[in-house]
Amino acid sequence: MYEFFEDEKCYYIVYDLCKGGELFEEIVFRGKISEKETAVLIKQILICVNYLHQMNIIHRDLKPENFLLEGSKDFNEIKMIDFWLACKHDSPKVMLDQMIGSSYYIAPEVLAKRYNNKCDLWSVGVITYIALSGVPPFNGSSDKDIIAAIRVGKPGFSEPVWKSISDAAKEFIKKLLTVDPEQRPSA
(Lines give C-alpha, C1' and ligand atoms only; values in the text may rest on other atoms or scores of the structure.)
Protein backbone atom coordinates (compact mmCIF):
# COMPACT_ATOMS: atom_id res chain seq x y z
CA MET A 1 0.00 0.00 0.00
CA TYR A 2 1.40 3.36 -1.03
CA GLU A 3 -1.28 5.83 0.03
CA PHE A 4 -4.62 6.08 1.72
CA PHE A 5 -7.17 8.84 1.09
CA GLU A 6 -10.73 9.53 2.09
CA ASP A 7 -13.44 11.97 1.24
CA GLU A 8 -17.02 12.43 2.48
CA LYS A 9 -18.22 9.26 0.72
CA CYS A 10 -15.30 6.87 0.12
CA TYR A 11 -11.96 5.51 1.20
CA TYR A 12 -9.21 5.17 -1.43
CA ILE A 13 -6.25 2.81 -1.17
CA VAL A 14 -3.36 3.07 -3.66
CA TYR A 15 -1.54 -0.21 -4.38
CA ASP A 16 0.98 -1.43 -6.93
CA LEU A 17 -0.32 -1.54 -10.49
CA CYS A 18 -0.42 -5.17 -11.63
CA LYS A 19 -1.28 -5.11 -15.33
CA GLY A 20 -1.25 -8.91 -15.71
CA GLY A 21 -4.52 -9.46 -13.82
CA GLU A 22 -5.43 -12.35 -11.56
CA LEU A 23 -3.77 -15.75 -11.79
CA PHE A 24 -7.27 -17.23 -11.89
CA GLU A 25 -8.11 -15.30 -15.04
CA GLU A 26 -4.88 -16.44 -16.69
CA ILE A 27 -5.60 -20.10 -15.89
CA VAL A 28 -9.14 -19.78 -17.26
CA PHE A 29 -7.84 -18.05 -20.40
CA ARG A 30 -5.20 -20.72 -21.07
CA GLY A 31 -7.17 -23.72 -19.82
CA LYS A 32 -4.07 -24.96 -18.02
CA ILE A 33 -0.43 -23.95 -17.58
CA SER A 34 2.59 -25.92 -18.75
CA GLU A 35 4.53 -27.90 -16.18
CA LYS A 36 7.60 -25.71 -16.65
CA GLU A 37 5.63 -22.49 -16.13
CA THR A 38 3.76 -24.01 -13.18
CA ALA A 39 7.09 -24.83 -11.54
CA VAL A 40 8.12 -21.16 -11.81
CA LEU A 41 4.73 -20.02 -10.52
CA ILE A 42 4.63 -22.38 -7.54
CA LYS A 43 8.20 -21.49 -6.61
CA GLN A 44 7.13 -17.83 -6.43
CA ILE A 45 4.04 -18.73 -4.41
CA LEU A 46 6.11 -20.82 -1.99
CA ILE A 47 8.56 -17.92 -1.54
CA CYS A 48 5.59 -15.73 -0.55
CA VAL A 49 4.15 -18.39 1.78
CA ASN A 50 7.53 -19.08 3.35
CA TYR A 51 8.01 -15.38 4.06
CA LEU A 52 4.58 -15.15 5.70
CA HIS A 53 5.18 -18.24 7.80
CA GLN A 54 8.57 -16.93 8.94
CA MET A 55 6.72 -13.80 10.08
CA ASN A 56 4.23 -16.07 11.92
CA ILE A 57 1.38 -15.15 9.58
CA ILE A 58 -1.06 -17.65 8.07
CA HIS A 59 -2.90 -16.43 4.95
CA ARG A 60 -5.80 -18.93 5.26
CA ASP A 61 -7.32 -18.12 1.85
CA LEU A 62 -4.72 -18.92 -0.78
CA LYS A 63 -6.31 -19.35 -4.21
CA PRO A 64 -5.54 -18.21 -7.77
CA GLU A 65 -7.82 -15.20 -7.32
CA ASN A 66 -5.47 -13.95 -4.59
CA PHE A 67 -2.38 -13.74 -6.78
CA LEU A 68 -1.84 -10.93 -9.25
CA LEU A 69 0.54 -11.03 -12.20
CA GLU A 70 2.62 -7.88 -12.35
CA GLY A 71 2.55 -7.62 -16.10
CA SER A 72 4.41 -10.42 -17.81
CA LYS A 73 2.76 -13.77 -18.29
CA ASP A 74 5.85 -15.77 -17.33
CA PHE A 75 4.92 -15.99 -13.62
CA ASN A 76 8.25 -14.62 -12.40
CA GLU A 77 6.63 -11.63 -10.74
CA ILE A 78 3.46 -12.19 -8.76
CA LYS A 79 1.84 -10.44 -5.82
CA MET A 80 -0.10 -12.17 -3.07
CA ILE A 81 -3.21 -10.21 -2.07
CA ASP A 82 -6.34 -10.34 0.08
CA PHE A 83 -5.12 -10.71 3.63
CA TRP A 84 -8.47 -10.17 5.32
CA LEU A 85 -8.54 -13.78 6.61
CA ALA A 86 -4.83 -13.81 7.50
CA CYS A 87 -3.84 -14.02 11.13
CA LYS A 88 -0.79 -13.82 13.34
CA HIS A 89 0.11 -17.24 14.72
CA ASP A 90 3.12 -17.41 16.99
CA SER A 91 3.38 -21.17 17.44
CA PRO A 92 2.65 -24.01 15.00
CA LYS A 93 1.98 -26.16 18.08
CA VAL A 94 -1.03 -24.02 19.04
CA MET A 95 -3.98 -24.98 16.86
CA LEU A 96 -6.47 -22.52 15.40
CA ASP A 97 -10.18 -23.37 15.43
CA GLN A 98 -11.94 -20.87 13.17
CA MET A 99 -13.32 -22.57 10.04
CA ILE A 100 -12.69 -20.04 7.27
CA GLY A 101 -11.50 -20.10 3.67
CA SER A 102 -12.76 -20.84 0.17
CA SER A 103 -14.37 -24.24 -0.35
CA TYR A 104 -12.16 -25.58 -3.18
CA TYR A 105 -8.94 -24.64 -1.36
CA ILE A 106 -9.73 -25.28 2.31
CA ALA A 107 -7.64 -27.91 4.08
CA PRO A 108 -9.25 -30.88 5.86
CA GLU A 109 -7.82 -29.80 9.22
CA VAL A 110 -9.52 -26.39 8.83
CA LEU A 111 -12.81 -28.25 8.35
CA ALA A 112 -12.00 -30.11 11.58
CA LYS A 113 -11.30 -26.75 13.27
CA ARG A 114 -7.81 -27.78 14.41
CA TYR A 115 -5.06 -26.34 12.21
CA ASN A 116 -1.84 -24.33 11.94
CA ASN A 117 0.19 -22.83 9.06
CA LYS A 118 0.24 -26.13 7.14
CA CYS A 119 -3.27 -25.30 5.89
CA ASP A 120 -1.63 -22.85 3.47
CA LEU A 121 0.43 -25.68 1.95
CA TRP A 122 -2.72 -27.69 1.22
CA SER A 123 -4.01 -24.66 -0.70
CA VAL A 124 -0.74 -24.49 -2.66
CA GLY A 125 -1.28 -28.14 -3.62
CA VAL A 126 -4.76 -27.32 -4.90
CA ILE A 127 -3.41 -24.34 -6.87
CA THR A 128 -0.71 -26.56 -8.40
CA TYR A 129 -3.26 -29.18 -9.41
CA ILE A 130 -5.52 -26.57 -11.00
CA ALA A 131 -2.64 -24.84 -12.82
CA LEU A 132 -1.53 -28.13 -14.39
CA SER A 133 -4.94 -29.58 -15.23
CA GLY A 134 -7.37 -26.66 -15.41
CA VAL A 135 -9.76 -28.34 -12.95
CA PRO A 136 -9.89 -28.58 -9.15
CA PRO A 137 -8.77 -31.81 -7.45
CA PHE A 138 -11.86 -31.90 -5.24
CA ASN A 139 -15.02 -31.07 -7.11
CA GLY A 140 -18.74 -31.38 -6.65
CA SER A 141 -22.08 -29.87 -7.53
CA SER A 142 -22.30 -28.08 -4.16
CA ASP A 143 -20.03 -26.86 -1.37
CA LYS A 144 -21.20 -29.86 0.66
CA ASP A 145 -19.97 -32.26 -2.08
CA ILE A 146 -16.65 -30.40 -2.42
CA ILE A 147 -16.07 -30.49 1.34
CA ALA A 148 -16.89 -34.22 1.44
CA ALA A 149 -14.27 -34.83 -1.29
CA ILE A 150 -11.71 -32.73 0.60
CA ARG A 151 -12.27 -34.75 3.78
CA VAL A 152 -11.44 -37.94 1.82
CA GLY A 153 -8.39 -36.17 0.37
CA LYS A 154 -7.68 -38.37 -2.65
CA PRO A 155 -6.94 -36.25 -5.74
CA GLY A 156 -7.40 -38.07 -9.01
CA PHE A 157 -4.79 -38.29 -11.74
CA SER A 158 -6.68 -40.48 -14.22
CA GLU A 159 -7.85 -37.74 -16.62
CA PRO A 160 -5.99 -37.64 -19.96
CA VAL A 161 -4.25 -34.34 -19.10
CA TRP A 162 -2.22 -36.11 -16.38
CA LYS A 163 -0.57 -38.48 -18.89
CA SER A 164 1.69 -35.64 -20.05
CA ILE A 165 2.54 -34.49 -16.50
CA SER A 166 5.68 -35.87 -14.86
CA ASP A 167 5.54 -38.31 -11.96
CA ALA A 168 7.58 -35.81 -9.94
CA ALA A 169 4.87 -33.14 -10.34
CA LYS A 170 2.16 -35.61 -9.33
CA GLU A 171 4.18 -36.69 -6.30
CA PHE A 172 4.71 -33.04 -5.32
CA ILE A 173 0.94 -32.48 -5.42
CA LYS A 174 0.26 -35.65 -3.42
CA LYS A 175 2.66 -34.49 -0.70
CA LEU A 176 0.97 -31.09 -0.46
CA LEU A 177 -2.48 -32.71 -0.48
CA THR A 178 -1.65 -35.10 2.33
CA VAL A 179 -4.60 -35.15 4.73
CA ASP A 180 -2.33 -35.38 7.78
CA PRO A 181 -0.76 -31.91 8.11
CA GLU A 182 2.15 -33.37 10.11
CA GLN A 183 3.18 -35.28 6.97
CA ARG A 184 2.80 -32.23 4.71
CA PRO A 185 6.00 -30.34 3.81
CA SER A 186 6.58 -26.76 4.91
CA ALA A 187 7.00 -23.91 2.44
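Which residue in β2 is the bridge partner of Phe4? Select Ile13: Ile13 is the partner.

The model is predicted: local features need pLDDT of at least 70, side-chain atom pairs count only at pLDDT 80 or more, and totals for chains, interfaces and linings use all residues. Residues are numbered from 1 along each chain as its sequence is written, and side-chain values use heavy atoms, with hydrogens and water left out.

Stop 1: Show residues 3-6 (β1) and 11-14 (β2). The strands run antiparallel, joined by four bridges. Strands pair if DSSP finds at least two bridges between them. Strands (E, at least two residues) and helices (H or I, at least four) are DSSP runs, numbered from the N terminus.

**Stop 2: helix α1.** Select residues 23-30. Leu23, Glu26 and Ile27 are buried (under 20% relative accessible area; exposed is over 50%, partly exposed in between; 1.4 Å probe, protein chains only). These residues sit on the same side of α1, because their arc around the axis is only 100°. The arc is taken from the directions from the helix axis to the C-beta atoms. Val28 and Phe29 are exposed on the other side. Next, click Gly31, which follows α1 and has a positive phi, near 95°.

**Stop 3: aromatic rings.** Rings of Phe, Tyr and Trp (its six-membered ring) pair if their centres lie within 6.5 Å; planes under 30 degrees apart count as stacked, over 60 as edge-to-face and the rest as tilted. The count is six pairs. Select Tyr104 and Tyr105: their centres are 6.4 Å apart and their planes at 70°, so the pair is edge-to-face. Move to Trp122 and Phe138, a stacked pair with 5.4 Å between centres and 15° between planes. Both residues are buried. Finish at Tyr129, Phe157 and Trp162, a cluster linked by ring pairs.
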